[in-house]
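Please read this briefing alongside the sequence and the coordinates. It is arranged by topic, with cut-offs given where a term comes up.

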Amino acid sequence: MTSRIPRDSRLRLVRPRPLAAAPRAMNQRRSRRPAPRPPEGTPAPAELARMARSRLAGAARVAHWADAALGPGSDGATADGKATLSETTAERAAADLGLTVAQVRADWDTARLAGLVEVHGDSARPGWRLRAWDRDDSAVLRGWVALFDAWSLAHPEPAGHEPAAVAEVVSAMPQVLSFLQLSAGPVPVDQLLDLLQQRVTELRTERCEISYEPDPELLAGAAPAVGTPPAEPAPDLAPLLDWALHALGSVGALTDGDGHATLTPLGSWAVWVKLEQICVAAQSPAGNIEQGAEDMLRGCAQLRPNAARAEYRAWLAARPVGSAVTELIDAARGEDALLRGLAFEALRVVGAPAEADVHAVVDEPALRPYALLWLAEHDGADPEDAHEVLTRQEATWLWVDTAAAVADHGEAPMLVRHLESAVQLTVPQLLDEVRAVGHPRTVQVLVALAAAHPDPALAKAVRRAAFQVHTGG
């Protein structure tokens with residue numbers, strides 16, 4: 001019996017899908033949890049986006065000016081490669097826009113925090129949000145939320161305070177903001193100060209360390225002193241609370257006056273979104289927000305893409321960005337190809353803060369295709385065209401790696417359909433290049449594909465290729 005499909009059958013040309021194609025194809029089960037609705041009285045997304053555009057109008061104007069006057073990657077845009085405008089550039093922008101140099105610098109800093117301007121090495125260029133500013137409300141809202149998340153950088157803290165005390169206040173403010181959001185109205189600042197002091201005390205108690213040195217008084221048989229005051233009295237948090245409220249007010253998250261603080265509609269919506277993300281993660285079967293990166297990614301493998309991204313955001317919000325990125329990259333270095341793709345999906349949620357770490361793994365063969373695609377998309381390439389940055393060999397390695405994820409976690413028909421994403425025009429070309437690319441899972445992938453493919457002739461050719469790889473032939 002002969003096959004109706006020629007041995008040199010042409011593969012239907014389909015653009016390679018993003019790296020998480022295998023997870024996306026597998027995540028077809030709908031979430032049972034209905035989409036949450038914001039609190040009553042929350043403006044519609046279009047109205048929230050209008051508010052955000054108004055708040056960020058100055059930053060967008062400076063970013064658009066830089067895009068037009070300097071061009072992406074123009075020399076001299078920044079003074080030190082750290083998002084500081086050079087004096088010449090700031091004066092030029094002030095003259096062109098009719099602003100003071102101080103206003104230009106303030107708007108530039110806001111644009112950087114909101115992702116409208118991105119600094120790469122020694123040059124600055126427009127962020128993807130600036131490109132979508134006039135047409136994509138979600139991009140505008142994400143930009144404002146990025147600024148909201150960076151409120152502590154938007155306004156310098158008062159002098160004369162220990163860095164540790166400032167860090168404690170920054171860590172405690174989410175609870176203060178949650179209380180404001182739940183109150184749905186003005187709250188006395190004195191009440192917020194009591195809450196802040198309580199939360200800071202809790203933070204100190206949580207990280208309290210027990211000394212392993214023996215107490216001389218206890219060794220001598222003396223009873224411990226009763227009512228001994230704490231070694232470190234709590235600092236006066238009132239100035240730091242005033243600073244935090246002022247900084248949050250400067251980004252448009254709240255208003256502060258007459259001894260009361262009130263969240264703006266934008267601020268209330270942003271706090272609700274973050275609370276909802278944490279609740280979603282906490283209610284997940286695996287408890288993803290409490291897990292390490294690898295276990296979190298395995299839990300997200302069963303979710304649809306949008307739900308998985310919400311899990312990533314909640315997981316990231318619960319830990320420092322630097323350590324979170326390190327955990328994700330370590331998970332990507334493992335043997336599970338599915339986790340590799342999911343790790344870079346989570347890194348897409350991280351965005352610019354992950355760029356240096358992703359650059360650092362470009363020379364690692366197992367991560368190189370993922371890192372190159374991540375960097376291309378981060379630089380503004382369309383996800384559908386980002387694969388063009390890969391060489392033929394890198395694209396083939398990625399095809400094998402994705403096939404390994406499908407073979408391990410998917411179903412046979414999915415592996416057969418995965419043939420459509422190969423860059424090679426024919427099955428023989430694909431098999432020749434797969435054999436040459438040297439992926440450690442090549443044999444297993446080819447054996448699985450041969451077992452899954454319904455065409456006997458093609459399956460035989462794939463089995464022969466697997467045998468040749470196995471024997472080194």
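This is a predicted model: local features need pLDDT of at least 70, side-chain atom pairs count only at pLDDT 80 or more; totals for chains, interfaces and linings use all residues.

Residues are numbered from 1 along each chain as its sequence is written, and side-chain values use heavy atoms, with hydrogens and water left out.

**Nonpolar cores**
- Leu116, Trp144, Met173 and Leu196 touch the most other members of the largest nonpolar core, which has 69 residues (a core is a set of buried Ala, Val, Leu, Ile, Met, Phe, Trp, Tyr and Cys residues joined through side-chain atoms within 4.5 Å; buried means under 20% relative accessible area with a 1.4 Å probe, protein chains only).
- Helix 9 (residues 163–183) gives the most to this core, with 8 residues (helices are DSSP runs of H or I with at least four residues, strands are runs of E with at least two, and both are numbered from the N terminus).
- Another core, of 64 residues, lies apart from this one and has Ala324, Ala354, Leu375 and Leu390 among its members.

**Aromatic pair**
- Trp151 and Trp243 form a tilted aromatic pair, with 5.3 Å centre to centre and 45° between the planes (rings of Phe, Tyr and Trp, the last by its six-membered ring, pair if their centres lie within 6.5 Å; planes under 30 degrees apart count as stacked, over 60 as edge-to-face and the rest as tilted).
- Trp151 lies in helix 8 (residues 151–154) and Trp243 in helix 12 (residues 238–250), so the pair ties together parts that are 92 residues apart in sequence.

- An open sheet of 3 strands has the order 3-5-4 with antiparallel pairing (strands pair if DSSP finds at least two bridges between them).
- Strand 3 (187–188) and strand 4 (254–257) stand at the edges with a single partner strand each, so one side of each is left without a neighbour in the sheet.

Conventions: Buried means under 20% relative accessible area, exposed over 50%, partly exposed in between (1.4 Å probe, protein chains only).
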